[in-house]
Amino acid sequence: MSHACTKLDEVVAEIIRIVAEDKSASCRADDGAEYFFRGEKCNYKHPGSPILDTAFDSFLDRSPSYWKHENELYQEAMRHNVASFSEDRTMSERVARMQHYGLPTRFADLSINALLPALFACGGCDANAGKFADEDGFIRVIKVAHHKMKSFTSDVIAAISCLPLVEDWKVEPSKTDGLGYLTYQIKKENPGFFSENEWSEIGAELRADIQKVWAFKPLMNNPRIRNQGGLFLAFGCRDGKKPLRPTFSLADYDNPTAPSYGIAQVGFVRIAARAKADILDQLRMFGMTEEAVYPELSDVCKTLDKRFRYLYPDK
């Protein structure tokens, strides 16, 4: 798409068009496939370009400083905020909470509500949005096949969620015995994960699955996840926890060996930089505001401070 939207109704119409065209053009057996959305306030890979590449990584995989030290990131987050995770019973719940509060993790947010990504694409909910005020925003339209949608209790989501508990050199999914340390950590959290007799049957499957990206619906146990129509992509890894670098292309959607098999970006919407402020005002009329997405008192107070300075500037 070369045209940049300048109004909210254009954004919505373009999303509807992309989904409708994909449904009509697809010759795949897409029974049960669902469409989700992801907002980005600029073109991170190619700044200034009107074309958004289909490939993207989790926050953790954007830098070796993160993925090589995933274990330390997790431990420090837990050490400093024990009470914040007191209600979380599983690793997937803890990692989901960390993701929503800005820690680099293997999870990437998607939403079933197309208006929410529009808020993020326009710089809403971001204290640093001013740095990108002169850059177009984008909304990714992503299709997820039914067989790639998992529960938060699934084995592969449990395995990916437990990766922060293991150092990078101890994870080698390409080897028959390369997940020994990881399975030990999973069984500490979930003793019924599998028995020793079952490992010969499920081990090869788990080693293959952990080298892919999966979608899953998390437990709605905190306000941020509920308010954002919470859904995650969970990024696995290669040997040494090296990033998968999924393409999310339509070609790889049908390729069982591709990391992004069954998940593809079918299109994107571009929002003109000059229209971001106006679209944020239009979103407010539908209750899509920063304080609605981030309901904690500290975030509400910061949002009100910013909004009142906008409404009533010093003269």
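D209 touches V156 and W214, leaving aside residues up to four places away in sequence; contact means heavy atoms within 4.5 Å. This is a predicted model, where local features need pLDDT of at least 70, side-chain atom pairs count only at pLDDT 80 or more, and totals for chains, interfaces and linings use all residues. Residues are numbered from 1 along each chain as its sequence is written, and side-chain values use heavy atoms, with hydrogens and water left out.

**D209**
- D209 sits in helix 8 (residues 199-209). Helices (H or I, at least four residues) and strands (E, at least two) are DSSP runs, numbered from the N terminus.
- D209 is buried but has no salt bridge. Buried means under 20% relative accessible area, exposed over 50%, partly exposed in between (1.4 Å probe, protein chains only). A salt bridge is a side-chain nitrogen of Lys or Arg within 4 Å of a carboxyl oxygen of Asp or Glu.
- Lys and Arg count as positive, Asp and Glu as negative; His and the chain ends are not counted.

**Helix 4**
- In helix 4 (residues 91-100), 10 of the 10 residues are buried, so the rest of the structure largely encloses this helix.
- Its cover includes helix 3 (70-80), strand 2 (107-111) and helix 6 (155-161).
- G102 follows helix 4 and has a positive phi, near 100 degrees.

**Y312**
- Y312 lies in the segment after helix 13 (297-311).
- Y312 counts as exposed because its relative accessibility is 55%.
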